[in-house]
Amino acid sequence: MKKDNFKHRDINWLYFNERVLLEAKSNDTPLLERLKFLAIFSSNLDEYFKVRVSQLRQIKQLDKKFRKKLMFKANTTLQHILQTINQQQVEFGNVIKNTLSELEKHDIYIRNASNFTDEQEQYVASLFDKSIKELCAVHKENLELTDGALYMVVSHPNQEYSIVEIPTRNQDRFISLPGIGHQFCFLDDAIRLNIKKLLPEKEIIGCYSIKLSRDAELYLEDDYSDIELVEKIYNSLDKRLYGQATRLLYDESMPSWLIESLRSDFDLGTVDLSPGGIYHNLSDFFSFPLPEGTEHLQYQEKPSLPHPKLSFSENIFESIAQKDQLVHFPYQDFKVVEDFLSSAATDPNVTAIKMTIYRIAETSSLADAILKALENGKDVTLFVEAQARFDEANNIKWGRIFEEKGAKVIFSIPQVKVHSKIAMVFRKENGKLKRYAYIGTGNFNAKTSKIYCDHGLFTANKKITKDLGQVFQVLERKIIVPKLKRLLVSPFTTRITFLNLIQNEINAAREGKKASITAKMNSLEDSDMIRALYRAVNAGVNVRLIVRGFCCYLTANNSLTEGMKDNVYITSIVDRYLEHGRIYVFENGGDELMYIGSADWMTRNLDRRIEVLTPILDEDIFDELKHILTLQLKDNQKARILDLENSNRKVEKLPNEKSIRSQYAIYDYLKNKLDENR
């Protein structure tokens, strides 16, 4: 099968970000919430330039024979990407303009320096003198721009310029102004209006906003399976280019001489120059003030629900021992996970705790529980991912703190990330050690649990906890290969098990039996898994996928002109919360199998990360999760179709069909179950 029978992941990702922008554009999205989707779009694009675009730039510099082994032309791909981004940026600007216009109809205004009232101008000038001026650093030459920071370039006569840093780290980006209704301005405009106070000896011609993006640290082994090739890539580059400038976003009204001066001074290529609007870092819309009386312009409040069993349990371990328990975030309170570890920290019968840490919050009740466990003499072993992109420093900081307090801390080894979300508690009961496990799809992070849709299983099932004990022995480097009966663990058994399960469905379909595969994941990229799905679809297996992000599935046969077969259907849900759970269901001859866990169908998740997926063995939990998955499959309000044309068209509600917005339907379903159990 030709390589062309897959969508290019980096290009397809842009259509995921387009789905985010469509939510910002949608009239169904409350007005103030549209600002948050604009912020997500902006933040996503920043990360994309730091990681994906910077990687393509590095590949461009390789010898041709190495590039050939990568199976695509980096330069052509990069040009396609930048062209698509430029088109999206135009739409992004239109959506911002329309959103701000709509806000004004509700007496919410974002003013700029050109339309301040006299009162507002005086207020801003006074505020600048009191608290902003001292935070503004002025630079005239040889400045090393900080990645992602905002700057004002000030032009002077004779083609000279100065640079002023906009102090967003120390000052709110939005300033509340006096006036009728709710009036605000960007911090940028407070500086623009008072720029002469920062450069009193200079003649000022114009002020223009800029922002520079730099390469993130790259982990090429995440994306290429040939480790020898990865080493050649590293060795072929004179330097890793870590931190090299990759994109200068600038005010499109900037004069050409100034653009050229910046390009030359910061050693940028013309491809690295991105014209934009007056304001950058619009991810700051996350922190836009929500004025009183505008609740109707925001999402209706949906507080996290208590878990019907664990939230009311006097002894969380007894509750788990009696029956497996499943939790769903953000619908249910993350406190149950914190209680699990807090109880372990203080329970005199608990002897040891083991867990993985992929992304930990800067301040965390979980961290407090771990420290309390150490104070109480528990044996604590932690596996800290030192390469969780953009969270390395925080993870390492906490790892060192835990280590100093007496924990055994094991940092991940190069080329193998610990991406699993697992914990195990060892408790003495009746003279024996009993194991209690937690296996989740999301990180141990209370903050992200409020916006990420995830699932977590608490279990004392010996078949699962015995396997999980093997996983922890691998992480402790006591054994090399785990002996597993129930869990799927990457890089050992996940790929081969999934391929075998798909083949079982193919065999059943060929025998005329009912055969189906239903899978929900963040991303679908692995070529072997996609080829297996192609074979399944062609054999008559019903394939139904929900893929949040990029999806490289292109066609179910060798001809690109024939299109997808009718028995494959792929949708993506972008709504109030970020879909993050991974669920896999196989018909299995009528005895359905279901797995949940941390792994997507991406090569890195199958081959180069420690991932854990658990079967759902409890019948009640199986039914609950199946019902939730069914609601997502039937979503006809926020689901969009991932077709061959990348149209991102909405799923159409059929005549007489019930409207289903899955995230709200799941909340209602769990709330009703809670009420029934009270």
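**Close-up 1. A network of salt bridges in the predicted model.** In this predicted model, Arg495, Asp526, Asp528, Arg531 and Asp607 are joined to one another through a network of salt bridges. Across the model, the count of salt bridges comes to 36.

**Close-up 2. The salt bridge between glutamate 23 and lysine 638.** The closest N and O atoms of glutamate 23 and lysine 638 are 2.8 Å apart.

**Close-up 3. The salt bridge between arginine 427 and aspartate 347.** Here the closest N and O atoms are 2.9 Å apart. Because arginine 427 lies in strand β15 (residues 421–429) and aspartate 347 in the loop between α11 (335–346) and β11 (350–357), the pair ties together parts that are 80 residues apart in sequence. Arginine 427 is buried at 8% relative accessibility, and aspartate 347 is buried with a relative accessible area of 11%.

**Close-up 4. The salt bridge between glutamate 33 and lysine 36.** The closest N and O atoms of this pair are 3.5 Å apart, and the two residues, three apart in helix α2 (residues 31–60), are separated by about one helical turn. Glutamate 33 is buried, with a relative accessible area of 7%, whereas lysine 36, at 28% relative accessibility, is partly exposed.

**Close-up 5. An open sheet of six strands.** The strands follow the order β2-β4-β3-β7-β8-β9, with mixed pairing. Strands β2 (138–139) and β9 (273–276) stand at the edges, each with a single partner strand, so one side of each is left without a neighbour in the sheet. Within the sheet, β3 (residues 150–156) and β7 (residues 206–214) pair in the antiparallel sense over six bridges, and valine 154 stands opposite cysteine 207 in β7.

How values were computed:
Residues numbered from 1 in each chain as written. Predicted model: local features only at pLDDT ≥ 70, side-chain atom pairs only at ≥ 80, totals over all residues. Heavy atoms only, no water. Pairing = 2+ DSSP bridges. Helix = DSSP H or I, 4+ residues; strand = E, 2+ residues; numbered from the N terminus. Salt bridge = Lys/Arg side-chain N within 4 Å of Asp/Glu carboxyl O. Buried < 20%, exposed > 50% of the residue type's maximum accessible area, 1.4 Å probe, protein only.
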